[in-house]
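Please read it alongside the sequence and structure shown here.

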Amino acid sequence: MQLAFFEIEDWEKEFFRNNLKNHELLFSKHNLKKRNIDAIRNSNGLVVFIYSKINKDILSKLPKLKFIATMSTGYDHIDIEECKKRNIAVYNVPFYGENTVAEHTFALILALSRKIHLSYDRTRVGNFSLENLRGFDLKGKTIGIIGTGHIGQHVARIAKGFEMKILAFDVYQDKKLAETLGFRYISLNNLLKSSDIITLHAPYNKDTHHLLNSKNFHMIKKGAYLINTARGALIETDALVKALQQKKIAGAALDVLEGECYIREEKELLKHKKYPNCDLKTVIEDQMLLHMENVIITPHNAFNSQEALQRIIDTTLDNIKSFVRKKKCKNKVV
Ligand code: NAI
(Lines give C-alpha, C1' and ligand atoms only; values in the text may rest on other atoms or scores of the structure.)
Protein backbone atom coordinates (compact mmCIF):
# COMPACT_ATOMS: atom_id res chain seq x y z
CA MET A 1 0.00 0.00 0.00
CA GLN A 2 1.04 3.58 -0.51
CA LEU A 3 0.60 5.58 2.70
CA ALA A 4 0.97 9.36 2.83
CA PHE A 5 1.85 11.06 6.13
CA PHE A 6 1.42 14.79 6.74
CA GLU A 7 2.41 17.06 9.65
CA ILE A 8 5.09 14.52 10.59
CA GLU A 9 8.24 15.19 12.61
CA ASP A 10 11.54 13.38 11.90
CA TRP A 11 11.36 11.08 14.96
CA GLU A 12 7.83 10.02 13.95
CA LYS A 13 9.03 9.27 10.39
CA GLU A 14 11.65 6.93 11.77
CA PHE A 15 9.06 5.18 13.95
CA PHE A 16 6.67 4.56 11.03
CA ARG A 17 9.51 3.51 8.69
CA ASN A 18 10.66 0.90 11.23
CA ASN A 19 7.15 -0.41 11.82
CA LEU A 20 5.62 -0.37 8.32
CA LYS A 21 8.40 -1.94 6.29
CA ASN A 22 6.17 -3.59 3.66
CA HIS A 23 4.54 -0.38 2.51
CA GLU A 24 5.53 2.58 0.40
CA LEU A 25 5.61 5.57 2.75
CA LEU A 26 5.52 9.24 1.72
CA PHE A 27 6.21 11.91 4.34
CA SER A 28 5.65 15.63 4.58
CA LYS A 29 6.15 17.92 7.56
CA HIS A 30 3.54 20.28 6.09
CA ASN A 31 -0.22 19.97 6.29
CA LEU A 32 -2.09 18.53 3.34
CA LYS A 33 -3.29 21.20 0.96
CA LYS A 34 -4.54 21.20 -2.62
CA ARG A 35 -1.17 22.42 -3.82
CA ASN A 36 0.76 19.39 -2.44
CA ILE A 37 -1.78 16.75 -3.41
CA ASP A 38 -0.25 15.70 -6.76
CA ALA A 39 2.49 13.66 -5.09
CA ILE A 40 -0.04 11.47 -3.26
CA ARG A 41 -2.67 10.91 -5.96
CA ASN A 42 -2.18 7.13 -5.78
CA SER A 43 -2.14 6.82 -2.00
CA ASN A 44 -4.38 4.28 -0.31
CA GLY A 45 -3.97 5.62 3.21
CA LEU A 46 -3.62 9.07 4.69
CA VAL A 47 -2.19 9.95 8.12
CA VAL A 48 -2.72 13.53 9.29
CA PHE A 49 -2.97 15.82 12.31
CA ILE A 50 -5.63 18.51 12.82
CA TYR A 51 -4.22 21.19 10.54
CA SER A 52 -4.87 19.16 7.34
CA LYS A 53 -8.44 19.96 6.33
CA ILE A 54 -9.75 16.87 4.53
CA ASN A 55 -12.75 18.26 2.70
CA LYS A 56 -14.80 17.10 -0.28
CA ASP A 57 -12.47 18.82 -2.72
CA ILE A 58 -9.35 17.09 -1.34
CA LEU A 59 -11.12 13.71 -1.20
CA SER A 60 -12.23 14.02 -4.83
CA LYS A 61 -8.55 14.22 -5.85
CA LEU A 62 -7.62 10.99 -4.08
CA PRO A 63 -9.47 8.25 -6.02
CA LYS A 64 -7.53 5.36 -4.47
CA LEU A 65 -7.92 6.46 -0.86
CA LYS A 66 -9.26 3.71 1.43
CA PHE A 67 -8.57 5.03 4.94
CA ILE A 68 -7.58 8.09 6.95
CA ALA A 69 -5.91 7.86 10.36
CA THR A 70 -5.90 11.15 12.23
CA MET A 71 -3.33 11.48 15.00
CA SER A 72 -5.81 13.36 17.18
CA THR A 73 -8.92 12.77 19.24
CA GLY A 74 -11.01 15.29 17.32
CA TYR A 75 -11.88 14.64 13.68
CA ASP A 76 -13.82 17.77 12.81
CA HIS A 77 -11.10 18.59 10.22
CA ILE A 78 -12.33 15.60 8.17
CA ASP A 79 -15.56 15.55 6.14
CA ILE A 80 -16.92 12.37 7.69
CA GLU A 81 -20.12 12.31 5.61
CA GLU A 82 -18.11 12.48 2.39
CA CYS A 83 -15.81 9.71 3.67
CA LYS A 84 -18.88 7.54 4.35
CA LYS A 85 -20.14 8.15 0.79
CA ARG A 86 -16.76 7.23 -0.65
CA ASN A 87 -16.37 4.21 1.66
CA ILE A 88 -13.23 5.61 3.23
CA ALA A 89 -12.60 4.39 6.79
CA VAL A 90 -11.60 7.01 9.38
CA TYR A 91 -9.69 6.27 12.60
CA ASN A 92 -8.81 8.54 15.54
CA VAL A 93 -6.89 8.42 18.84
CA PRO A 94 -9.60 8.67 21.50
CA PHE A 95 -7.32 8.81 24.58
CA TYR A 96 -3.70 9.70 24.97
CA GLY A 97 -3.22 12.52 27.38
CA GLU A 98 -5.50 12.43 30.43
CA ASN A 99 -2.62 12.54 32.92
CA THR A 100 -0.60 14.76 30.58
CA VAL A 101 -3.15 17.58 30.51
CA ALA A 102 -3.86 17.16 34.24
CA GLU A 103 -0.13 17.50 35.00
CA HIS A 104 0.04 20.67 32.89
CA THR A 105 -2.96 21.99 34.80
CA PHE A 106 -1.02 21.59 38.02
CA ALA A 107 2.09 23.10 36.46
CA LEU A 108 -0.06 26.19 35.83
CA ILE A 109 -1.66 26.13 39.30
CA LEU A 110 1.74 25.89 41.01
CA ALA A 111 3.21 28.58 38.76
CA LEU A 112 0.43 30.92 39.92
CA SER A 113 0.43 29.88 43.57
CA ARG A 114 4.24 30.28 43.93
CA LYS A 115 4.66 33.09 41.36
CA ILE A 116 7.21 31.00 39.47
CA HIS A 117 6.94 33.12 36.30
CA LEU A 118 7.71 36.32 38.22
CA SER A 119 10.52 34.68 40.23
CA TYR A 120 12.12 33.34 37.06
CA ASP A 121 12.09 36.74 35.33
CA ARG A 122 13.59 38.36 38.42
CA THR A 123 16.49 35.97 39.08
CA ARG A 124 17.48 35.95 35.41
CA VAL A 125 18.41 39.62 35.74
CA GLY A 126 20.30 38.97 38.97
CA ASN A 127 17.56 40.29 41.31
CA PHE A 128 17.05 38.03 44.32
CA SER A 129 14.55 40.23 46.20
CA LEU A 130 11.51 38.46 47.67
CA GLU A 131 9.31 41.54 47.44
CA ASN A 132 5.81 40.67 46.13
CA LEU A 133 6.78 37.04 45.56
CA ARG A 134 4.85 35.60 48.52
CA GLY A 135 2.66 32.75 47.35
CA PHE A 136 0.08 30.53 49.00
CA ASP A 137 -0.24 26.84 49.95
CA LEU A 138 -2.49 24.51 48.02
CA LYS A 139 -3.03 22.32 51.09
CA GLY A 140 -6.47 23.03 52.54
CA LYS A 141 -7.59 25.17 49.58
CA THR A 142 -10.70 24.27 47.58
CA ILE A 143 -10.37 23.34 43.93
CA GLY A 144 -13.50 23.42 41.77
CA ILE A 145 -13.32 21.08 38.81
CA ILE A 146 -15.73 21.76 35.94
CA GLY A 147 -15.97 18.51 33.94
CA THR A 148 -14.95 15.27 35.64
CA GLY A 149 -14.18 13.22 32.53
CA HIS A 150 -10.81 11.69 31.73
CA ILE A 151 -8.76 14.81 32.45
CA GLY A 152 -10.88 16.22 35.29
CA GLN A 153 -10.59 12.89 37.17
CA HIS A 154 -6.80 13.05 36.99
CA VAL A 155 -6.89 16.61 38.25
CA ALA A 156 -8.96 15.39 41.24
CA ARG A 157 -6.41 12.62 41.92
CA ILE A 158 -3.51 15.05 41.91
CA ALA A 159 -5.45 17.58 44.02
CA LYS A 160 -6.03 14.86 46.60
CA GLY A 161 -2.27 14.38 46.84
CA PHE A 162 -1.96 18.07 47.70
CA GLU A 163 -4.62 17.62 50.42
CA MET A 164 -6.96 20.07 48.73
CA LYS A 165 -10.74 20.06 49.18
CA ILE A 166 -12.40 19.07 45.92
CA LEU A 167 -15.72 20.25 44.48
CA ALA A 168 -17.00 19.33 41.05
CA PHE A 169 -19.63 20.27 38.53
CA ASP A 170 -20.59 18.04 35.61
CA VAL A 171 -23.77 17.56 33.59
CA TYR A 172 -23.16 13.84 34.06
CA GLN A 173 -22.47 12.87 37.66
CA ASP A 174 -20.42 9.76 38.42
CA LYS A 175 -21.34 9.21 42.07
CA LYS A 176 -19.04 6.19 42.39
CA LEU A 177 -16.10 8.21 41.12
CA ALA A 178 -16.93 11.00 43.58
CA GLU A 179 -16.98 8.50 46.42
CA THR A 180 -13.71 6.85 45.35
CA LEU A 181 -11.84 10.13 44.90
CA GLY A 182 -13.54 11.87 47.81
CA PHE A 183 -15.15 14.83 46.08
CA ARG A 184 -18.62 16.34 46.01
CA TYR A 185 -20.76 17.37 43.03
CA ILE A 186 -22.45 20.74 43.42
CA SER A 187 -24.11 23.26 41.11
CA LEU A 188 -21.96 25.46 38.88
CA ASN A 189 -22.94 28.60 40.81
CA ASN A 190 -22.05 27.03 44.15
CA LEU A 191 -18.75 25.81 42.73
CA LEU A 192 -17.94 29.34 41.56
CA LYS A 193 -18.86 30.76 44.99
CA SER A 194 -16.84 28.23 46.98
CA SER A 195 -13.63 27.51 45.04
CA ASP A 196 -10.23 29.10 45.55
CA ILE A 197 -9.09 27.62 42.24
CA ILE A 198 -11.49 26.88 39.38
CA THR A 199 -10.29 24.62 36.59
CA LEU A 200 -12.12 23.85 33.34
CA HIS A 201 -12.16 20.35 31.79
CA ALA A 202 -15.42 20.30 29.82
CA PRO A 203 -15.62 19.97 26.03
CA TYR A 204 -16.42 22.96 23.85
CA ASN A 205 -19.81 22.81 22.11
CA LYS A 206 -22.88 25.00 21.72
CA ASP A 207 -23.97 24.24 25.31
CA THR A 208 -20.59 25.12 26.83
CA HIS A 209 -19.92 28.24 24.71
CA HIS A 210 -19.10 30.95 27.29
CA LEU A 211 -19.93 28.62 30.19
CA LEU A 212 -18.25 31.26 32.34
CA ASN A 213 -19.65 34.61 31.24
CA SER A 214 -20.56 38.12 32.30
CA LYS A 215 -23.74 36.77 33.95
CA ASN A 216 -22.00 34.33 36.30
CA PHE A 217 -18.48 35.76 36.72
CA HIS A 218 -19.73 37.84 39.68
CA MET A 219 -20.49 34.54 41.48
CA ILE A 220 -16.79 33.67 41.59
CA LYS A 221 -15.26 33.95 45.07
CA LYS A 222 -13.23 37.14 45.37
CA GLY A 223 -9.53 36.39 44.98
CA ALA A 224 -10.01 33.03 43.25
CA TYR A 225 -7.79 31.81 40.40
CA LEU A 226 -9.08 30.50 37.09
CA ILE A 227 -7.34 27.79 35.04
CA ASN A 228 -8.34 26.80 31.51
CA THR A 229 -6.69 23.93 29.65
CA ALA A 230 -9.89 22.87 27.86
CA ARG A 231 -10.99 25.30 25.12
CA GLY A 232 -10.73 29.09 25.03
CA ALA A 233 -14.34 29.86 24.21
CA LEU A 234 -15.60 28.17 27.40
CA ILE A 235 -14.79 31.55 28.94
CA GLU A 236 -16.17 34.88 27.72
CA THR A 237 -12.88 36.74 27.35
CA ASP A 238 -14.45 40.13 27.97
CA ALA A 239 -15.79 38.97 31.36
CA LEU A 240 -12.40 37.51 32.28
CA VAL A 241 -10.50 40.69 31.41
CA LYS A 242 -12.96 42.79 33.42
CA ALA A 243 -12.76 40.45 36.45
CA LEU A 244 -8.94 40.69 36.37
CA GLN A 245 -8.96 44.46 35.92
CA GLN A 246 -11.41 44.87 38.80
CA LYS A 247 -9.32 42.45 40.93
CA LYS A 248 -12.40 40.27 41.37
CA ILE A 249 -10.20 37.27 40.57
CA ALA A 250 -6.54 37.15 41.61
CA GLY A 251 -5.14 35.57 38.48
CA ALA A 252 -5.58 33.16 35.62
CA ALA A 253 -3.56 30.52 33.81
CA LEU A 254 -4.66 29.67 30.30
CA ASP A 255 -3.37 27.06 27.88
CA VAL A 256 -6.17 27.94 25.49
CA LEU A 257 -7.61 31.28 24.42
CA GLU A 258 -10.74 32.28 22.61
CA GLY A 259 -9.50 33.23 19.13
CA GLU A 260 -6.12 31.62 19.74
CA CYS A 261 -5.67 30.77 16.04
CA TYR A 262 -5.39 34.48 15.37
CA ILE A 263 -2.90 35.04 18.18
CA ARG A 264 -0.69 32.26 16.86
CA GLU A 265 -0.43 33.70 13.41
CA GLU A 266 -1.34 37.32 13.03
CA LYS A 267 -1.22 36.91 9.24
CA GLU A 268 -4.33 34.72 9.65
CA LEU A 269 -6.22 37.82 10.74
CA LEU A 270 -5.48 39.55 7.49
CA LYS A 271 -6.59 36.59 5.37
CA HIS A 272 -10.18 36.72 6.60
CA LYS A 273 -12.67 39.40 5.78
CA LYS A 274 -14.91 37.97 8.48
CA TYR A 275 -13.71 36.32 11.68
CA PRO A 276 -15.58 33.04 11.93
CA ASN A 277 -14.97 32.05 15.55
CA CYS A 278 -14.04 35.25 17.25
CA ASP A 279 -14.27 38.97 16.89
CA LEU A 280 -11.48 41.50 16.78
CA LYS A 281 -12.31 42.64 20.30
CA THR A 282 -11.52 39.17 21.64
CA VAL A 283 -8.16 39.16 19.86
CA ILE A 284 -7.30 42.55 21.38
CA GLU A 285 -8.40 41.32 24.82
CA ASP A 286 -6.17 38.24 24.38
CA GLN A 287 -3.29 40.67 23.84
CA MET A 288 -4.26 42.43 27.09
CA LEU A 289 -4.21 39.10 28.94
CA LEU A 290 -0.75 38.33 27.52
CA HIS A 291 0.60 41.44 29.20
CA MET A 292 -0.94 40.98 32.66
CA GLU A 293 1.47 39.96 35.45
CA ASN A 294 -1.05 37.71 37.16
CA VAL A 295 -1.92 35.82 33.97
CA ILE A 296 0.13 32.92 32.66
CA ILE A 297 -0.45 31.79 29.09
CA THR A 298 0.96 28.66 27.48
CA PRO A 299 0.55 28.02 23.73
CA HIS A 300 -2.01 25.15 23.73
CA ASN A 301 0.79 22.97 24.94
CA ALA A 302 -0.89 20.89 27.65
CA PHE A 303 -0.94 17.70 25.54
CA ASN A 304 2.66 18.09 24.43
CA SER A 305 4.67 15.54 26.41
CA GLN A 306 6.98 12.93 24.89
CA GLU A 307 4.91 10.12 26.43
CA ALA A 308 1.59 11.50 25.15
CA LEU A 309 2.99 11.88 21.63
CA GLN A 310 4.36 8.33 21.80
CA ARG A 311 0.89 7.09 22.80
CA ILE A 312 -0.54 8.97 19.78
CA ILE A 313 1.81 7.32 17.28
CA ASP A 314 1.49 3.88 18.93
CA THR A 315 -2.31 4.08 18.60
CA THR A 316 -2.05 5.44 15.04
CA LEU A 317 0.18 2.50 14.09
CA ASP A 318 -2.38 0.08 15.61
CA ASN A 319 -5.12 1.86 13.63
CA ILE A 320 -3.17 1.53 10.36
CA LYS A 321 -2.39 -2.13 11.03
CA SER A 322 -5.98 -2.98 11.86
CA PHE A 323 -7.10 -1.48 8.54
CA VAL A 324 -4.41 -3.31 6.58
CA ARG A 325 -5.19 -6.62 8.34
CA LYS A 326 -8.96 -6.00 8.09
CA LYS A 327 -9.26 -6.36 11.86
CA LYS A 328 -12.01 -4.81 13.99
CA CYS A 329 -10.86 -1.63 15.71
CA LYS A 330 -12.56 0.37 18.47
CA ASN A 331 -10.98 3.58 17.14
CA LYS A 332 -12.81 3.38 13.81
CA VAL A 333 -15.02 6.45 13.54
CA VAL A 334 -16.67 5.41 10.26
P1 NAI B 1 -14.10 13.88 28.51
O2 NAI B 1 -15.11 13.82 27.44
O3 NAI B 1 -13.52 12.63 29.06
O4 NAI B 1 -14.71 14.71 29.76
C5 NAI B 1 -15.46 15.87 29.62
C6 NAI B 1 -16.39 15.97 30.81
O7 NAI B 1 -17.08 17.20 30.72
C8 NAI B 1 -17.45 14.85 30.84
O9 NAI B 1 -17.51 14.28 32.13
C10 NAI B 1 -18.74 15.59 30.49
O11 NAI B 1 -19.89 15.01 31.11
C12 NAI B 1 -18.44 16.96 31.05
N13 NAI B 1 -19.29 17.99 30.50
C14 NAI B 1 -19.88 18.06 29.27
N15 NAI B 1 -20.62 19.17 29.16
C16 NAI B 1 -20.49 19.83 30.34
C17 NAI B 1 -21.04 21.03 30.85
N18 NAI B 1 -21.87 21.78 30.13
N19 NAI B 1 -20.70 21.39 32.11
C20 NAI B 1 -19.87 20.62 32.87
N21 NAI B 1 -19.35 19.46 32.43
C22 NAI B 1 -19.66 19.08 31.19
O23 NAI B 1 -12.96 14.86 27.97
P24 NAI B 1 -11.47 14.97 28.47
O25 NAI B 1 -10.62 13.95 27.77
O26 NAI B 1 -11.44 15.02 29.95
O27 NAI B 1 -11.06 16.40 27.86
C28 NAI B 1 -11.71 17.60 28.28
C29 NAI B 1 -11.35 18.70 27.30
O30 NAI B 1 -9.97 19.02 27.39
C31 NAI B 1 -11.52 18.31 25.81
O32 NAI B 1 -12.84 18.47 25.38
C33 NAI B 1 -10.57 19.23 25.10
O34 NAI B 1 -11.28 20.38 24.70
C35 NAI B 1 -9.56 19.60 26.18
N36 NAI B 1 -8.21 19.14 25.83
C37 NAI B 1 -7.20 20.06 25.81
C38 NAI B 1 -5.92 19.69 25.49
C39 NAI B 1 -4.80 20.69 25.48
O40 NAI B 1 -3.72 20.40 24.97
N41 NAI B 1 -4.98 21.87 26.06
C42 NAI B 1 -5.59 18.30 25.14
C43 NAI B 1 -6.72 17.39 25.25
C44 NAI B 1 -7.98 17.82 25.57
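1. Two strands are taken to pair if DSSP finds at least two bridges between them; strands (E, at least two residues) and helices (H or I, at least four) are DSSP runs, numbered from the N terminus. The model is predicted, so local features need pLDDT of at least 70 and side-chain atom pairs count only at pLDDT 80 or more, while totals for chains, interfaces and linings use all residues. Residues are numbered from 1 along each chain as its sequence is written, and side-chain values use heavy atoms, with hydrogens and water left out.

2. Strand S6 (residues 142–146) and strand S7 (residues 165–169) pair in the parallel sense over five bridges. Within S7, Phe-169 stands opposite Ile-146.

3. Seven strands form an open sheet in the order S8-S7-S6-S9-S10-S11-S12, with parallel pairing. Strand S8 (184–185) and strand S12 (295–297) stand at the edges with a single partner strand each, so one side of each has no neighbour in the sheet.

4. Thr-199 lies in strand S9 (residues 197–200). Thr-199 counts as buried because its relative accessibility is 0% (buried means under 20% relative accessible area, exposed over 50%, partly exposed in between; 1.4 Å probe, protein chains only).

5. Helix H4 (residues 98–113) lies across S6, S9, strand S10 (224–228), strand S11 (249–254) and S12, running at about 150 degrees to S10. Axes are lines fitted to C-alpha atoms, for helices over the stretch in contact, and angles run from 0 to 180 degrees between N-to-C directions.

Notes: Contact = heavy atoms within 4.5 Å.
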